[in-house]
Amino acid sequence: MAGYIVKRLFASILTMFVLITITFFLMHAVPGGPFSPAEERKVPKAVLEKMEEKFGLSEPLGVQYVNYLKSIVQGDLGFSFKQADVTVNELISRGFPVSAKVGLVAILIALVVGMLLGITSAIKRGKWADWASMIFATVGISIPNFVITVLMLFLFAVVLKLLPTYGLSSWKHYILPVIGLAFGPIAYIARLMRSSMLEVMRQDYILTARAKGVPEYRVIFKHALKNAIIPIVTYLGPLVAALLTGSFIVERVFSIPGIGRDFVTGISDRDYSVILGLTVFLGLFIIISNLIVDILYAVIDRRVKMEE
């Protein structure tokens, strides 16, 4: 296992290098910059030149790239161009706990509800519970989460006035953002779980267990569930990375001060250091999440060899 992890770490470093390089040069290839022409009309040219010199933007592009790589190696993601005296490291340490808190609740709800729907659908195949679960899953996968989010906001906050529309100051503030984040994953997990359970329950060892008179709940939860859960574990890596690092849309809609909102603000402001820094952080988080999931995958299913 140690050899496998070392190989994955080398591959992860190479992936991060490619990610940083592509993001850096694509960002600078787009016309405009953090000090856009609109702002140039408000600020004297000499001041703009001083600002560009301060942030290293007056240097040739190759020099900027090398300097940025050096600072990343030292763990320094630089200062925000638009927020005075605020570093990208501070933005992440301030926004990530907020995003992670909302995302963690959404992950737990998505896993519990999605798996229960999938298991119920497989057990009750062809009955009304199966149809209802799959209709919900199809709707959840088909409709983008920002549509669900806006519809719930309109219904529960504007029309019924039951829930708050923004912020995270009480438990009620979490309900709509969490549902908005979890709705799509619930539907996807339910479909995955149903397909996997149906396949596993046709296996010989399940039929043998039933023939021996093993109670049905033990067949499902002891014998079938362990193998049927493997596709869910595979999906868990991208899901954890996506939800814990914040949702651009949900955080924007509900004014949640997470890193998803910072990312959107950084893009609209053309704040190079924020965009690059958050890209590095998100990329690293996804790689680590996938590595953990791969290890869990091998622990759950011993037929999987870590060296492969």
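Which residues of helix 6 are buried? Keep that in mind while you set up the view.

This is a predicted model, in which local features need pLDDT of at least 70, side-chain atom pairs count only at pLDDT 80 or more, and totals for chains, interfaces and linings use all residues. Residues are numbered from 1 along each chain as its sequence is written, and side-chain values use heavy atoms, with hydrogens and water left out.

**The whole chain**

Show the protein as a cartoon. There are 14 helices and zero strands; helices (H or I, at least four residues) and strands (E, at least two) are DSSP runs, numbered from the N terminus. Of the 308 residues, 42% count as buried. Buried means under 20% relative accessible area, exposed means over 50%, and partly exposed is in between (1.4 Å probe, protein chains only).

**Helix 6**

Select residues 128-142. This is helix 6, with 15 residues, and its first and last C-alpha atoms are 21 Å apart, close to the 21 Å expected at 1.5 Å a residue. The expected span is 1.5 Å times one less than the number of residues. Now colour Ala129, Asp130, Ser133, Met134, Ala137 and Gly140: these are the buried residues of helix 6. They lie on the same side of the helix, because they cover an arc of only 125° around the axis. The arc is that of the directions from the helix axis to the C-beta atoms. An α-helix has 3.6 residues a turn, so residues three or four places apart point the same way. Turn to the other side of helix 6 to find Trp128, Trp131, Ile135 and Ser142, which are exposed.

**Two salt bridges**

A salt bridge here is a side-chain nitrogen of Lys or Arg within 4 Å of a carboxyl oxygen of Asp or Glu.

The structure holds two salt bridges. For the other, select Arg210 and Glu216, whose side chains meet at 2.6 Å, N to O. Arg210 is partly exposed, with a relative accessible area of 31%, and Glu216 is partly exposed at 36%.

**Between helix 7 and helix 8**

Next select Leu160, in the loop between helix 7 (145-159) and helix 8 (171-200). Leu160 is partly exposed, at 43% relative accessibility.

Lys161 has a positive phi of about 55° although it is not a glycine, and at 65% relative accessibility it is exposed.

**Ser255**

Last, select Ser255, in the loop between helix 12 (248-253) and helix 13 (259-269). Ser255 is not a glycine, yet has a positive phi of about 50°. Its relative accessible area is 35%, so Ser255 counts as partly exposed.
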